[in-house]
Amino acid sequence: MSEDKTFRGVITKGVGGVYTVRFVKDNNLTSAQCAARGAFRLKGIKPAIGDRVAIVPSGDPDVEYVIDDIEERTSFIARPPVANLSIMLLTFSVTNPAPDLTLLDKMLLICGLNNIKPVIIFTKSDLNTGDSERLCSVYTKAGYEVLVSSPQNALTKSDLRDIIGDGIAAFAGPSGVGKSTLCNSLLGIDIMQTGEVSSKIKRGRHTTRHVELHEFFEGFICDTPGFTSLSLEEQGIDYRDVLYGYPEINALATGCRFDDCSHRKEDGCVIRQALAEGKIDQGRFERYVSFYTELYDNRNNYKIRRKQ
Ligand SMILES: Nc1nc2c(ncn2[C@@H]2O[C@H](COP(=O)(O)OP(=O)(O)O)[C@@H](O)[C@H]2O)c(=O)[nH]1
Ligand SMILES: [Mg+2]
Ligand SMILES: [Zn+2]
């Protein structure tokens with residue numbers, strides 16, 4: 001009987017159709033360059049970083065292995081494509097740039113619906129301590145895990161070790177907030193690709209060109225340009241799903257006396273009462289209403305689009 005030459009591993013990098021796969025061989029963690037079988041292309045599947053794959057020797061000395069099978073993904077985020085993401089490090093600066101809380105809430109909603117654990121990181125707290133405390137309090141009260149970072153008090157590896165565990169974590173958020181700075185400092189990489197240095201390159205600041213998984217204890221972390229172009233409609237999010245991004249509203253809404261309440265402005269709605277009592281943050285509520293309203297108003301359009 002021939003020896004089984006199949007190995008199971010994770011794609012950590014993909015450039016020009018050549019994938020780097022991290023796997024265990026002879027009890028050692030190693031990585032190899034792999035091509036993908038043409039069959040994937042025929043099926044419309046493109047391997048992505050984070051994919052858990054089976055690889056077999058290719059017989060080609062240049063690209064030693066070939067990806068033979070891709071496991072079903074637990075999550076998939078496009079632009080940039082990352083599969084099996086289990087944690088999003090939602091990074092927003094408290095100032096410079098000012099935090100885009102609509103984007104933050106949208107990403108919390110996308111995480112909630114994709115089984116991705118969100119962890120919020122507010123950076124640049126050195127530039128505005130007051131706002132950093134206020135934002136931290138709003139999102140902690142909403143039920144999220146929130147970390148605060150500044151150059152004086154930067155996040156350490158041990159702050160994130162337990163949070164990431166054996167999962168795959170990606171930095172997400174607008175450009176210029178400090179994602180690369182944080183990712184590089186956690187990995188002990190020199191700040192080669194952060195804004196300050198890359199500003200010399202005329203391609204513009206804050207570009208993170210290759211999205212790549214880096215080992216981080218038992219798991220992986222990756223820097224990204226942000227995932228900021230995610231659209232709720234493209235994700236197929238229904239107006240009734242918006243509560244997945246608002247656990248604090250959802251918890252109270254279960255006690256609403258109306259069965260088909262949108263919890264936006266109905267008289268006698270439990271959420272109106274909670275707002276009046278200051279139990280729910282006004283800004284969070286307003287963003288809930290605007291997402292709900294936008295998706296509700298477009299409900300017929302996206303249903304048609306989803307059918308096609
Ligand atoms: N004051 C301050 N500046 C920071 C902090 N984190 C990052 N920066 C600066 O913000 C700029 C953008 O950082 P970068 O990591 O490239 O942001 P990215 O686009 O999110 O990857 C750089 O000039 C960093 O030095 C912080 O906590 N405080
Ligand atoms: Mg960056
Ligand atoms: Zn209600």
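**View 1. Buried residues of helix α2.** In this predicted model, the buried residues of α2 are L104, D105, K106, M107, L108, L109, I110, C111 and G112. Among the elements that cover these buried residues are the strands β8 (87-93), β9 (117-123) and β11 (168-172), together with the helix α9 (282-297).

**View 2. Length of helix α2.** Helix α2 has 14 residues, 101-114, and at 1.5 Å a residue it should span 20 Å.

View 3. N115 follows α2 and sits in the loop between α2 and β9. Its phi is positive, about 60°, although N115 is not a glycine. Most residues other than glycine have a negative phi. N115 counts as exposed because 10 other C-beta atoms lie within 10 Å, and the cut-off for exposed is 12 or fewer.

**View 4. A positive phi at H263.** H263 is not a glycine, yet it has a positive phi of about 55°. H263 is found in the loop between α7 (247-253) and α8 (270-276). H263 is buried because it has 24 C-beta neighbours inside 10 Å, where 20 or more are required.

**View 5. Two cis peptide bonds.** Most peptide bonds are trans. The bond joining R79 and P80 is cis, with omega about -10°; P80 lies in the loop between β6 (76-77) and β7 (82-83). A cis peptide bond also joins N96 and P97, with omega about 0°. P97 is placed in the loop between β8 and α2.

Notes:
Residues are numbered from 1 along each chain as its sequence is written. Chains are lettered from A and ligands numbered from 1 in the order in which they are written. This is a predicted model: local features need pLDDT of at least 70, side-chain atom pairs count only at pLDDT 80 or more; totals for chains, interfaces and linings use all residues. Helices (H or I, at least four residues) and strands (E, at least two) are DSSP runs, numbered from the N terminus. The expected span of a helix is 1.5 Å times one less than its number of residues. Two residues are in contact if their C-beta atoms, placed from the backbone, lie within 7 Å.
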